[in-house]
Amino acid sequence: MTQQDVSRRAVLAIPGLGALSGAAFAQGTPQRGGTLTFAVAAEPPTYDLHQTGTFAVMHRVAPHYSTLLCYEPGNYPNIVGDVAENWQAAPDLLTYTFRLRPNVRFHDDTILTSEDVRASYQRMIAPVPPVTSNRQPAFSQIAAIETPDPLTVVFKMKKVDASIMDTFASPWNSIFSAARLAQDPNFPVRNVMGTGPFRFVEHVAGSHWVGQRFDGYFREGRPYLDGFRAITMSPSAMVNALSGRQILAEFRGFTPNERDRIVRALGQDARVQESSWMLHMLLTMNNEKPPFNDVRVRRALSLALDRWGGSDSLMRISQLGEVGGMVRPGSEWSATRAEMEQWPGYGRDMAANRAEARRLLREAGAENLTFTLMNRNHQPYVTCGIFVVDQLRQIGVRVEHQQVELAAWYAGQGSGNFQVMIDSFTQFSDDPTNVLVKYISFDRAEVAVARATDRELDALFDAQAEEIDKAKRKQLVRRFEARAMAEAHTVPILWWQRIVVMNSRVQGWSMAPTHMIYQDLRDVWLAPERR
Amino acid sequence: MSAVTTATTLPAAALDRPRRRNPVLAFIVAQPLGAAGLFVILAMGTAAVFAEMIAPYDPETIDFAAMLEAPSWAHPFGTDAFGRDILTRIIYGARTALTIGFFSSFIGCTLGGLLGTASAYFGGLADLIIQRFVDVILSFPIIVLALVVVAVMGKTSLAGIDLNLIFAIAIPIVPRAARVVRSAALSVRAMPYIDAARAGGYSSGYIILRHMAPNVLAPFLILLTAYVAQAILLEASLSFLGLGVSEPKPAWGLMLAGDSSNFYQEAPWMILFPGLAISLAVFAFNLFGDSLRDWLDPKFNS
């Protein structure tokens with residue numbers, strides 16, 4: 001992605017501002033000092049990265065921890081070592097050996113060893129109640145972890161996992177102190193103590209989170225900042241705070257209109273960075289609730305959505321953007337437009353699509369279909385819901401749009417107490433295993449909330465997960481998508497576009513197509529204020 | 001002669017009878033501001049009932065070709081971020097506002113009225129308990145109470161109307177109506193015909209419904225109109241907060257929320273016209289309610 005100071009005119013004139021580039025932000029020499037103030041839109045439900053998947057935790061907690069591997073700043077998706085100095089995969093890809101950096105210090109001044117890595121990964125792979133782990137499915141192929149010496153960790157695999165390097169680079173795999181975990185396995189839930197560039201100072205719920213530079217950080221000369229202050233505020237307050245220079249950044253993303261307002265207010269001091277986003281909206285049909293157990297009904301609903309038309313218009317008013325399949329459009333794994341147009345609901349002839357949808361509903365005896373569409377009462381979910389309701393009306397389907405609070409939405413999703421819902425899915429990497437898991441059988445993955453059972457999809461999923469040859473794996477991903485689109489248990493609606501706007505004083509931060517990585521702030525520094 | 005006699009006697013008889021004026025005309029003459037309020041309410045009611053015939057567009061159909069259009073002949077109040085005609089959505093929004101406003105107010109005032117009348121009738125310990133309960137409920141601000149109720153009850157729709165929203169708005173009205181009606185019912189309770197009914201062996205329920213309730217109808221009607229305004233405002237507030245009516249159903253408060261807060265600088269008509277509609281409706285009901293009170297209350301008349 002390009003990172004540059006832009007005026008509003010420039011922003012409006014260059015809609016594709018966000019082409020990814022490898023260059024880290026290097027305007028001038030990095031300077032030490034200063035406190036970065038940035039906004040986060042939600043409160044963290046826990047401090048434990050192993051047990052959650054929300055940015056509300058990641059954006060606050062990531063600066064306090066390290067991981068084994070990480071994505072190279074400014075060069076996504078290249079993977080580099082974090083606390084791992086180097087690593088080696090056995091030729092059969094069933095053993096991975098990591099050599100750790102020496103003298104990596106925890107914030108309590110103890111030295112990180114392979115035992116800390118083992119204890120942390122063991123906690124994610126096989127959590128002992130009451131500990132839970134959101135990462136457990138990702139590590140299902142790891143058979144054992146060995147620590148032959150204090151600086152060596154060996155992972156033994158049950159079978160080949162093509163996505164394992166991305167899994168090791170996951171920003172959620174924070175390394176905790178084995179000694180602290182031995183005292184209390186749930187220590188990280190309410191305590192923050194890692195080897196990251198910043199020490200934890202305080203968290204005042206509903207107000208702020210403060211971190212202070214850790215002078216014992218293992219990367220020489222880092223971090224540049226004296227500290228950071230993450231302030232909890234609503235999205236509309238963020239726009240005003242950034243425009244009024246009370247905060248310097250927000251790392252998740254704004255709508256196009258919010259971007260323009262901030263750019264108008266900050267003028268030359270605004271920096272806009274745009275990219276596609278590993279986050280997409282889905283229409284999920286509950287296979288346990290008739291008539292959504294009928295493939296004809298599900299496919300009819302997918303056929304009714306004018307994704308291409310919706311994309312062009314909705315990207316002007318919301319964070320919704322590109323049309324895509326099940327992997328991020330533009331990523332190395334994504335389908336071409338021509339391939340997409342072969343899927344039901346992706347054809348350009350909407351009159352034909354809608355006629356086919358009506359035919360399918362008639363055939364299924366669901367001509368006067370009426371149902372409740374569960375959705376979040378938050379943007380851009382509401383925008384997406386309005387679009388879907390309008391599209392379904394055009395094939396004669398009446399929809400009651402039920403907008404609920406986040407907790408009720410999660411509860412409905414978890415319990416299966418919904419007919420059709422607007423769902424979303426985000427991951428930290430484009431690796432197909434990470435993203436296709438959303439579409440497999442419910443008994444294989446809790447995130448597949450359509451509650452379907454489709455063994456053919458499961459088999460394709462497993463096959464691609466083990467395929468090392470990229471070209472062959474890509475073909476398997478295409479076959480998976482074609483099958484999943486035809487069965488339409490869950491179908492993509494639109495992908496999001498990531499628009500990050502910050503004060504141009506913030507330097508050294510890397511933009512990525514996910515808001516979950518590059519949040520440890522180790523390379524971030526503050527340029528002096530313009531006079 | 002007889003014809004002359006008849007002619008001279010009839011007007012005299014007519015003069016002896018009290019002059020009967022049309023009550024609507026009498027109200028308009030006595031309360032011109034209230035009449036203006038009534039006119040606006042009737043206009044809203046007409047818009048609500050005949051929305052399909054009056055509105056130029058469908059309120060829910062998206063027209064991406066007309067996104068964020070400024071007011072014009074084609075769209076007199078402009079369009080929103082989805083290209084939906086704002087005038088159309090305001091006309092249909094009147095239906096939402098009046099339906100929820102009227103039913104909430106009616107349910108709240110009726111339950112409150114019955115509770116207040118019963119409290120006055122029974123007196124003693126029952127009155128004490130009921131009034132302390134009313135005090136507790138009254139201690140919550142009306143919007144806070146409605147927020148809690150709607151958050152706890154969730155949503156239950158019937159024909160596109162959220163029944164729980166109606167109850168959420170009605171519940172905070174109950175104690176307020178109960179307190180006012182009780183004060184009117186206390187004087188009715190002291191009337192001899194109530195004692196006579198009790199002496200006649202009628203049940204308490206019968207006396208309350210048959211003899212007391214009709215005699216507190218005037219304050220009940222005044223409360224009803226006053227709380228319709230309050231209910232419209234509450235519905236708009238809850239919809240604005242995302243707890244009321246759901247998109248794409250047209251509702252004035254909802255029109256002020258969502259994308260309006262995102263586009264109010266570029267498209268001020270998105271908030272101007274729904275805001276005006278809410279203000280006008282509340283103002284009209286308040287004017288009408290105040291005038292009705294003045295007109296029906298003998299103290300004010302004297």
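Let me begin at one residue, Leu373 of chain A. Setting aside its neighbours within four places in sequence, Leu373(A) is in contact with Gly385(A), Val388(A), Val389(A), Val399(A), Glu400(A), His401(A), Gln402(A), Val420(A), Met421(A) and Ile422(A). The model I am presenting is a predicted one, and every value I quote is computed from it.

I turn now to the contact between the two chains. Chain A puts 21 residues into the contact, and chain B puts in 19. On the side of chain A that touches chain B, four elements each supply at least two residues: α8 (256–266), α10 (307–317), α13 (381–393) and β15 (398–404). Which of the elements of chain A gives the most to this side? It is α13(A), with 6 residues. By class, the side of chain A that touches chain B holds 5 nonpolar, 11 polar and 5 charged residues.

Next, chain A as a whole. Its secondary structure comes to 17 helices and 19 strands. The C-alpha trace of chain A spans about 70 × 60 × 40 Å along its principal axes. For 531 residues, a compact globule would have a radius of gyration near 24 Å, and the 23 Å of chain A agrees with that. Buried residues account for 54% of the 531 residues in chain A. Among the contacts in chain A with a separation of 6 or more, 69% are between residues 24 or more positions apart.

How is chain A divided? The domain assignment gives domain 1 as 31–248 + 505–526, and domain 2 as 277–497. Taken over C-alpha atoms, the centres of domain 1 and domain 2 of chain A are separated by 31 Å. The contact between them takes 15 residues from domain 1 of chain A and 15 residues from domain 2 of chain A. On the side of domain 1 that touches domain 2, the classes are 9 nonpolar, 3 polar and 3 charged residues.

One is an open sheet of 5 strands, with the order β9-β10-β11-β2-β12 and mixed pairing. Which strands form its edges? They are β9 (198–204) and β12 (249–250) of chain A, each of which pairs on one side only. Strand β2 of chain A, residues 35–40, pairs with β12(A) in the parallel sense, over 2 bridges. Within that pairing, Phe38(A) has Ala249(A) in β12(A) as its bridge partner.

The other piece is a hairpin, in which 2 residues join β7(A) to β8(A). Strand β7, residues 142–149, and strand β8, residues 152–157, run antiparallel and are joined by 5 bridges. Here Ile142(A) stands opposite Met157(A) in β8(A).

Finally, chain B. It has 15 helices and 2 strands. Is chain B compact or spread out? Its radius of gyration is 24 Å, well over the 19 Å that the globule rule gives for 302 residues, so chain B is more spread out than a compact globule. The C-alpha atoms of chain B fill a box of roughly 80 × 70 × 30 Å along the principal axes. Of its 302 residues, 44% count as buried. In chain B, residues 24 or more positions apart account for 69% of the contacts with a separation of 6 or more.

Is Tyr193(B) buried, exposed or partly exposed? Tyr193(B) is partly exposed, because 13 other C-beta atoms lie within 10 Å, and a residue counts as buried at 20 or more and as exposed at 12 or fewer. Tyr193(B) and Pro32(B) are 161 residues apart in sequence, and their C-alpha atoms are 37 Å apart in space.

How values were computed: Residues are numbered from 1 along each chain as its sequence is written. Chains are lettered from A and ligands numbered from 1 in the order in which they are written. This is a predicted model: local features need pLDDT of at least 70, side-chain atom pairs count only at pLDDT 80 or more; totals for chains, interfaces and linings use all residues. Two residues are in contact if their C-beta atoms, placed from the backbone, lie within 7 Å. Ala, Val, Leu, Ile, Met, Phe, Trp, Tyr, Cys and Pro count as nonpolar, Asp, Glu, Lys and Arg as charged, and the others, Gly among them, as polar. Domain bounds come from an automatic or database domain assignment. Two strands pair if DSSP finds at least two bridges between them. The radius of gyration is taken over C-alpha atoms; the globule rule is 2.2 Å times the number of residues to the power 0.38.
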